[in-house]
Amino acid sequence: CCYCLNPQDLLPFKLEIEHIYPQALGGKTIEENLWLACRECNGHKATKIKALDKLTGKTVKLYNPRKQKWREHFEFSRDFSEIIGKTAYGRATVEALQMNNIYQTTARLAWCETSKFPPKY
């Protein structure tokens with residue numbers, strides 16, 4: 001997943017083709033606007049393109065995997081169960097996509113027992 005880095009081989013469902021700029025808002029189905037996302041992130045993102053960064057109180061654009069580097073905006077917690085936003089883009093995206101919901105954090109903790117998680121990013 002371009003947002004939470006969940007690996008396809010550990011998910012019970014296929015990654016979905018995600019429109020970075022949503023079709024409902026005029027986004028085109030072209031390579032520059034597409035990426036793979038897990039069902040959790042894609043479902044929570046829906047038509048969102050901006051969200052509130054609670055630290056600064058500003059509304060910012062969500063993280064764009066085509067234009068931004070994951071490591072600059074996110075990091076994993078020490079036990080790899082949570083994703084921490086390092087920038088306004090990262091914090092707003094973590095919150096908007098609910099990247100640390102109970103399903104995500106529980107799965108990450110279980111996956112840490114495999115050699116497939118955390119991903120090499």
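So, how much accessible surface does the protein chain have, and what share of it belongs to carbon and sulfur atoms? The accessible surface comes to about 7,200 Å², and 54% of that belongs to carbon and sulfur atoms. Those areas come from the Shrake-Rupley method with a 1.4 Å probe, and for residues only the protein chains shown count as cover.

Quick housekeeping. This is a predicted model, where local features need pLDDT of at least 70 and side-chain atom pairs count only at pLDDT 80 or more, while totals for chains, interfaces and linings use all residues. Residues are numbered from 1 along each chain as its sequence is written, and side-chain values use heavy atoms, with hydrogens and water left out.

Now the fold. We have four helices and six strands; helices are DSSP runs of H or I with at least four residues, strands are E runs of at least two, and both are numbered from the N terminus. Going along the sequence, the pattern reads β-β-α-β-β-α-β-β-α-α. The radius of gyration is 14 Å, close to the 14 Å the globule rule gives for 121 residues, so the chain is as compact as a globular protein of that length. That radius is taken over C-alpha atoms, and the rule is 2.2 Å times the number of residues to the power 0.38.

Buried residues make up 44% of the 121. Buried here means under 20% relative accessible area, exposed means over 50%, and partly exposed is in between, with a 1.4 Å probe and protein chains only.

On to the aromatics. The structure holds seven aromatic pairs. Rings of Phe, Tyr and Trp (its six-membered ring) pair if their centres lie within 6.5 Å; planes under 30 degrees apart are stacked, over 60 edge-to-face, and the rest tilted. Take Y3 and Y63: their ring centres are 6.3 Å apart with planes at 75°, so that's edge-to-face. Y3 sits in the segment before β1 (16-19) and Y63 in the loop between β4 (58-61) and α2 (70-73), so the pair ties together parts 60 residues apart in sequence. Both Y3 and Y63 are buried. Y63 also pairs with F74, with centres 5.0 Å apart and planes at 85°, so edge-to-face again. Y3, Y63 and F74 belong to one aromatic cluster, which also includes W70, F76, F80, W111 and F117.

What about charges? A search of the whole structure finds five salt bridges, meaning a side-chain nitrogen of Lys or Arg within 4 Å of a carboxyl oxygen of Asp or Glu. One of them joins K45 and E18, at 3.2 Å, N to O. K45 is in helix α1 (residues 39-45) and E18 in strand β1, so this pair ties together parts 27 residues apart. K45 is buried, with a relative accessible area of 1%, and E18 is buried, with 1%.

Another salt bridge joins D53 and R91, at 2.8 Å, N to O. D53 lies in strand β3 (residues 50-53) and R91 in helix α3 (residues 88-96), so here the parts are 38 residues apart. D53 counts as buried at 0% relative accessibility, whereas R91 counts as partly exposed at 22%.

Then there's K54 with E95, whose closest N and O atoms are 3.2 Å apart. K54 is exposed, with a relative accessible area of 60%, and E95 is partly exposed, with 43%.
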